[in-house]
Amino acid sequence: MDEPQDQPAISDRVLIGGTLTLVTLSSDGRLQWSEDGKQRCLIVEREVLGFATEGSRISIRAVVDSGKGIYCWGSRGTLMRKRFVFEPLSEESKQLWCQKLQRHIVSLERPKRLFIFVNPFGGKKSASKIFLDDVQPLLEDADIEFTVHETKHQLHAKEIAHSLDLSSYDGIVCVSGDGILVEVINGLLEREDWETAIKMPLGIIPAGTGNGMIKSLLDSVGYPCMASNATLAVIRGHKRSLDVATISQEEIKYFSVLMLAWGLVADIDIESEKYRWMGSARLDFYGLQRMLFLRKYNGCISFIPAPGFEKFGNPCDKKDQVIYKLNICDPSQGDPFKCQRRGYMGPHNHLENMEWRTISGPFISIWLHNVPWGSEDSMAAPDAKFSDGYLDLIIIRDCPKFALLSLMMELSSGNHVRSPHVMYLKVKAFALEPGTRTDDPTKGGIIDSDGEVLARGKGTYKFEQNALMAYDKLHIEVDQGLATLFSPI
């Protein structure tokens, strides 16, 4: 029988530092006691990681805000690990305390076994240290078993996710930037059992260059983007859905969860790699160059606007040429097992029945976003939601150089979308027909998705390297809430 809410699950006098003290665990998970004349409190769901017995004593492992100590407040600043030790007066009392604590922790449905990717090459190459210093101690305090695998090369995480025995784990965690998360999602969706696999909760610990996904998650509840906060989001076991975009070009598909860029943003993101020795400053340095020597690109975009955004663009006269017919396998039309063997083929959105709009270039920048933050200091799409079924589209067609510089400096606050030079809307589907540079028709641009090159036009940076897709028309659709993330709340 469940205990009434807010009633004591157990209340008993125990020894704390040799002093007899009344300690109460309420049925809603508040552990309360008095110490040094002050009322102390730990909220089990938010602050208690686990506990252990040490002889006749019980040691509770917790995290608290370093500036506030143990009070009934949520942790939103710098966190520190904390031990609360007390000694019941009898073995029977100790067993009852352990039973009540364990029952409450189990009721929270936290993960018990995790598979963890560590990318030692991303960002400042500090992922291994972040795992050892910040992640592992908290997981051990929470009694979570884990298997760690360091990635060795690009797409290594995708290969492992494609064949991993998911029944052995309650979640997959990426100690990296956004790239490993994207690899994992692509690996899961290419499995025969993708419908089950993509339900596996995914966690992210910031250890890369951008960290846009975990920044978006933590910022949504006012938490700083720190490894400790991200680890707690995994430990607590809360989950939220995440939209997945399918980018298609003929039979080639790529599954995106963060963003797609073409034009200015893509050029800065990819071409600045030549200045990687500068660290994160490379983006600002090269961004300034690109704005001073501004490029514009010919091309055309088409989209299905979300409700309320129908005023953008013009009616699409050649809708049949815009819509890319995804080769979707419909189980109702044949053998469902044949569909599973092919993996996820894209959403069933019936786009032919929807109203398409179109905008022609030239363009300075086209930017599609699935979540608010593109990196820790770039709130590209302030109105983006994790699972609303839409992508946020940011368009810059024409803008004076100094106005553009001012606009880009507003990225950290998201105020750039208020500029009269920016079109900002939500779309259900999107088609891009990329063209050449207006100043040099022999050169194309770069299409960047989730920080990786999707396609390179002629004459672009590292054009000789192979890319997943051709620099040609591609199509994007959104599948609402397809993936699952560990979330702070």
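Where is glutamate 250 found? It sits in the loop between strand 12 (239–249) and strand 13 (252–256), where helices (H or I, at least four residues) and strands (E, at least two) are DSSP runs numbered from the N terminus. This is a predicted model, so to speak: local features need pLDDT of at least 70, side-chain atom pairs count only at pLDDT 80 or more, and totals for chains, interfaces and linings use all residues. Residues are numbered from 1 along each chain as its sequence is written, and side-chain values use heavy atoms, with hydrogens and water left out.

- Seven strands make an open sheet in the order 4-3-2-1-7-6-5, with antiparallel pairing; two strands pair if DSSP finds at least two bridges between them.
- Strand 4 and strand 5 (48–54) stand at the edges with a single partner strand each, so one side of each has no neighbour in the sheet.
- From one strand to the next, the twist averages 35°, taking axes as lines fitted to C-alpha atoms (for helices, over the stretch in contact) and angles from 0 to 180 degrees between N-to-C directions.
- Strand 3 (residues 30–35) and strand 4 (residues 38–43) run antiparallel and are joined by six bridges.
- Tryptophan 33 has arginine 40 in strand 4 as its bridge partner, while glutamate 35 stands opposite lysine 38.
- These two strands form a hairpin with two residues between them, and aspartate 36 in the turn has a positive phi of about 55°.

- Most residues other than glycine have a negative phi, and most peptide bonds are trans.
- Glutamate 250 has a positive phi of about 55° although it is not a glycine, and at 59% relative accessibility it counts as exposed. (Buried means under 20% relative accessible area, exposed over 50%, and partly exposed in between, with a 1.4 Å probe and protein chains only.)
- Leucine 155, in the loop between strand 9 (145–150) and helix 4 (156–163), has a positive phi near 75° and is partly exposed at 42%.
- A cis peptide bond joins glycine 361 and proline 362, with omega about 10°; proline 362 is in the loop between strand 17 (357–360) and strand 18 (365–369).

**A covered helix**

- Helix 5 (residues 178–189) has twelve residues and reaches 17 Å from its first C-alpha to its last, close to the expected 16 Å, a span worked out as 1.5 Å times one less than the number of residues.
- Eleven of the twelve residues in helix 5 are buried, among them Asp178, Glu183 and Asn186.

**Salt bridges**

- The count comes to 14 salt bridges, each being a side-chain nitrogen of Lys or Arg within 4 Å of a carboxyl oxygen of Asp or Glu.
- Glutamate 271 and arginine 295 meet in one of them (2.9 Å, N to O). Glutamate 271 is in helix 9 (residues 264–271) and arginine 295 in the loop between helix 10 and strand 15, so the pair ties together parts 24 residues apart in sequence.
- Both glutamate 271 and arginine 295 are buried.
- Lysine 296 and aspartate 398 form another (2.7 Å, N to O), linking distant parts of the chain, 102 residues apart.
- Lysine 296 is partly exposed at 26% relative accessible area, and aspartate 398 is partly exposed at 48%.
- Lysine 426 and aspartate 388 also meet in a salt bridge (3.2 Å, N to O), and both are buried.
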